[in-house]
Amino acid sequence: MSAVVVFIIFAICLVIAIPISISLGIVAVLPGAFDASFTASAGYVIRSMVGGIDSFPLLAVPMFVLAGILMAHGKISEKLFDVFVYFLGNKRAGIPCAVIITCLFSGSAPATVAAVGSMTIPLLIELGYEKDFSTAIVAVAGGLGVIIPPSIPFIMYAMATGESVSDLFLAGIVPGMMISALLIFYAYYYCRRHGEDREKIQAKMDQLKAKGFFNILKESIWALLSPVIVLGCIYSGVASPTEAAVISVFYSLFVSLFIYKSIKVKQI
């Protein structure tokens, strides 16, 4: 089978809306299927594909995604948000800044946007912030999960290049902090220029402060410990990134089931 025919088949697959990954798989297998002398036979390609995903470090990807989902449904992200609002809420742009910092500690980017967004966007709109600003803050800050450890793209990059996952995680901290600082600066600038509804914000803060600092800290301490435990295990050498991802899953599950009781056993 000539290269031109393979290219045409690939183009046809794309035109009829077959996903790119599947299209590449089809054109990779076809030459070997029609020509037994072709080096990359169908069996060779399939064995290579199976061998490619049979990887211990790659297992960290679904584990970190699952941990992010558990944090979302277990209201761990909500507890993080409460403690940051308690300290920042009375300051200018305090609530948007609390959203950004919560995203910083919430792990997987899609899960972060889903968890923090569903909780904070309605709250920001209720407090008088514009819908466009509220949505943009969560969408952009949620992307910090790509840079701040544990980062799934870092794991994929390390798999492709042979780099150390731990070194990449360590390298992502400073850029992630710089981006979050720029987002906080913009939130402050936006709120200073467009103003805030201080009465609504103060009412929310009064409601939160009525719980008392120690009660909020007691509720949030388990959520605050989550990133500390995961990253501490990696950087101290106690666990590899994959093992830390599994620890993160079981920790999030334990906290959600037995501490916050926000997930029922039948919901798992």
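## Packing of α5 against α6

In this predicted model, helix α5 (residues 76-88) packs on helix α6 (residues 94-104) at an angle of about 140°, and their axes are 9 Å apart. Axes are lines fitted to C-alpha atoms, for helices over the stretch in contact, and angles run from 0 to 180 degrees between N-to-C directions. The two helices, α5 and α6, are therefore oblique to each other; angles under 35 degrees count as roughly parallel, over 145 as roughly antiparallel, 65 to 115 as roughly perpendicular and the rest as oblique. Their crossing is right-handed, a term for a near helix turned clockwise from the far one by less than a right angle, with anticlockwise giving left-handed.

On the α5 side, Ser 77, Leu 80, Phe 81, Phe 84, Val 85 and Leu 88 meet Gly 94, Ile 95, Cys 97, Ala 98, Val 99, Ile 101 and Thr 102 of α6 (contact means heavy atoms within 4.5 Å). This contact comprises 10 nonpolar, three polar and no charged residues. Ala, Val, Leu, Ile, Met, Phe, Trp, Tyr, Cys and Pro count as nonpolar, Asp, Glu, Lys and Arg as charged, and the others, Gly among them, as polar.

## The second largest pocket

The second largest pocket holds about 170 Å³ of space. A pocket is an open set of points on a 1 Å grid over the protein atoms alone, where a 1.4 Å probe fits, with protein on both sides within 12 Å along at least five of seven lines; lining residues have an atom within 4 Å of a point. Grid points are joined across faces, edges and corners, and the volume is the space filled by probe spheres set on them.

Its lining consists of Glu 78, Lys 79, Phe 81, Asp 82, Met 119, Leu 123, Lys 204, Gln 207, Leu 208, Lys 211 and Glu 219. Two or more of these residues come from each of α5, α7 (109-126) and α11 (198-209), and α5 gives the most, with four. By class, four lining residues are nonpolar, one is polar and six are charged.

## Packing of α12 against α13

Helix α12 (residues 213-235) and helix α13 (residues 241-259) cross at roughly 165°, their axes coming within 9 Å. That makes α12 roughly antiparallel to α13. The crossing of α12 and α13 is right-handed.

Trp 222, Leu 225, Ser 226, Ile 229, Val 230, Cys 233 and Ile 234 of α12 meet Pro 241, Ala 244, Ile 247, Ser 248, Tyr 251, Val 255 and Ile 259 of α13. The residues of this contact are 12 nonpolar, two polar and no charged.

## Overall architecture and basis

The protein has 13 helices and zero strands; helices (H or I, at least four residues) and strands (E, at least two) are DSSP runs, numbered from the N terminus. Its C-alpha atoms fill a box of roughly 75 × 40 × 40 Å along the principal axes.

Residues are numbered from 1 along each chain as its sequence is written, and side-chain values use heavy atoms, leaving out hydrogens and water. Because this is a predicted model, local features need pLDDT of at least 70 and side-chain atom pairs count only at pLDDT 80 or more, whereas totals for chains, interfaces and linings use all residues.
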